[in-house]
Amino acid sequence: MKRLVLRTGVRWKISIAIAAVGALIALALSLVVHNAARVSMLSNARDVQMDRVLLAQRWYETSKNKDPRSRFNAKINDPSLPRDLQKLMREKRRGSYVAENHGGTPDIWAAVPLANGDVLSLHSQLAGRSATVMKDLDRALIIGSVSVVFGGCALGVLIGGQLSRRLRKAAAAARNVAQGNTDVRVRHAISGVVRDETDDLARAVDALTDALNERIEAERRVTADIAHELRTPVTGLLTAAELLPPGRPSELVRDRAQAMRTLVEDVLEVARLDSASERAELQEIALGEFVSRRIALLNPDVMVRVVHESWVSTDPRRLERILFNLLANAAKYGGAPIEVTVEGRVVRVRDHGRGFPEELLREGPSRFRTGASDRAGTGHGLGLTIAAGQARVLGARLTFRNAAPEGTETPLGQSGGAIAVLWLPEHAPTNTGSFPMMQLPD
């Protein structure tokens, strides 16, 4: 069962993380500030209420007017006095109390016991000015919290964008290295003023690339040296085989000697292509005419169709080598008929066999690996490897696909088989192997 994967960029992950942390901090600070301000304001209101009730007590005890409501709006033995204050009054203690109202302004109570056993109390709501101050404070805290969240998002986008750009540059450089551009260095691609863990990753990737290049170069030299050393004795063996008397044993010896010589030459060619020292000798040719003439000589049974003629600057010898290997592979492992189509700068070679093996489609041609036994059970896997290497020298692109999935039966009369497509470049490589810069019009 395939698991759902949510793909997001580093920029948005950092932005969300900073915004979330900022929101939590802003919420916590807002609650602390709001509660502290409210507690301080209620404490001051209780102190003021207590001072007022004490002033009312002195006035009540010294004045002939025994009605405190006439001046201080105080009451004697108020039945709505909160229970906590009633308990204090029974203990002959004075006190104040805040009664919370759901969604409303709190009530401030203050009470003192009188000498005759009565209770003098004063009740009022929190001053309107204090309530306004709390509302203004809450509004300021909300605006500040929202500003912090948006500011954190902007900061996260800025920081994450910088990191994301460096990582994308590193990934692009690593892909170039994987495609064979061994001169590319990841640390140069992401160079900048700020140094972070991305630079450590780039240096590690470059060190790995250098180590792999050294190992590949060592293997290439060993392979080339072995093939070069085998070249002379194999040539002597082939010459000696020609001197054998006619007969079936002599033919087998000559065939095996010739196969060994072909293998040695192919290995040497692969080694030269791997060294990246090969350069194309360019000529202007009519691609359709060239392909038609060469295929007529290589395999007259192949059907050639020129859809659109185009002049290209390429190396005829290397192009012929690519065509020969593709046709040989199609004839050996595919099925008739073999068709070649030329359309502009694109050459398609198609057979009607069972198609390329899945490993080749996924990983590309590989030396000494012939793929599935139903298509490539014999040979050394060098034909397509050489064709792909020669295409790189020409600056071309060689792709492989199947007209029908591998393993699908293709009865007579139905389309199927393997398709190799050679895409020649619009601008031919220079003598150094690079491509010329295009001059933009003024």
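Q: How do you know where Leu382 belongs in the chain?
A: Leu382 sits in the loop between helix 10 (373-376) and helix 11. Helices here are DSSP runs of H or I with at least four residues, strands are runs of E with at least two, and both are numbered from the N terminus. This is a predicted model, in which local features need pLDDT of at least 70 and side-chain atom pairs count only at pLDDT 80 or more, while totals for chains, interfaces and linings use all residues. Residues are numbered from 1 along each chain as its sequence is written, and side-chain values use heavy atoms, with hydrogens and water left out.

Q: Why is Leu382 called buried?
A: Buried means under 20% relative accessible area, exposed means over 50%, and partly exposed is in between (1.4 Å probe, protein chains only). Leu382 has 4% relative accessibility, so it counts as buried. For a spatial landmark, its C-alpha atom is 8.2 Å from that of Pro365, 17 residues away along the chain.

Q: What makes Thr314 count as buried?
A: The relative accessible area of Thr314 is 3%, so the residue is buried. Thr314 belongs to strand 7 (residues 311-314). Not counting residues up to four places away in sequence, Thr314 touches Glu281, Leu282, Gln283, Ile285, Leu319, Leu394 and Leu424. Contact here means heavy atoms within 4.5 Å.

Q: How do you know whether Gln49 is buried or exposed?
A: With a relative accessible area of 2%, Gln49 is buried. You will find Gln49 in helix 1 (residues 10-62). Beyond residues up to four places away in sequence, it touches Ile108, Trp109, Ala110, Leu122, His123 and Ser124.

Q: Why is Val307 called partly exposed?
A: Its relative accessibility is 42%, so Val307 counts as partly exposed. This residue is in strand 6 (residues 303-308). Setting aside neighbours within four places in sequence, Val307 contacts Thr341, Val342 and Glu343.

Q: What makes the backbone of Asn77 and of Lys92 worth a look?
A: Most residues other than glycine have a negative phi. Asn77 is not a glycine, yet has a positive phi of about 50°; phi of Lys92 is near 60°, again positive in a residue other than glycine. Asn77 is in the loop between strand 1 (75-76) and helix 2 (83-90), and Lys92 is in the loop between helix 2 and strand 2 (95-99). At 42% relative accessibility, Asn77 counts as partly exposed, whereas Lys92, at 55%, is exposed.

Q: Why is helix 8 called roughly antiparallel to helix 11?
A: The axes of helix 8 (residues 316-333) and helix 11 (residues 383-393) come within 9 Å and cross at roughly 155°. Angles under 35 degrees count as roughly parallel, over 145 as roughly antiparallel, 65 to 115 as roughly perpendicular, and the rest as oblique. That angle therefore makes helix 8 roughly antiparallel to helix 11. The contact divides into seven nonpolar, four polar and two charged residues.

Q: What makes helix 7 oblique to helix 8?
A: Helix 7 and helix 8 pack at about 50°, with axes 11 Å apart. That angle is why helix 7 is oblique to helix 8. On the helix 7 side, the contact is made by Leu287, Phe290, Val291, Arg294, Ile295 and Leu298, and on the helix 8 side by Pro316, Leu319, Glu320, Leu323, Phe324 and Leu327.

Q: How do you know which residues have the most contacts inside the largest nonpolar core?
A: A nonpolar core is a set of buried Ala, Val, Leu, Ile, Met, Phe, Trp, Tyr and Cys residues joined through side-chain atoms within 4.5 Å. The largest has 34 residues, and those with the most contacts inside it are Val291, Leu326 and Leu422. Helix 8 gives the largest share of this core, six residues. Another core, of eleven residues, lies apart from it and includes Val53, Leu54, Ala110 and Leu122.

Technical notes: Axes fitted to C-alpha atoms, helices over the stretch in contact; angles between N-to-C directions. Nonpolar A, V, L, I, M, F, W, Y, C, P; charged D, E, K, R; others polar.
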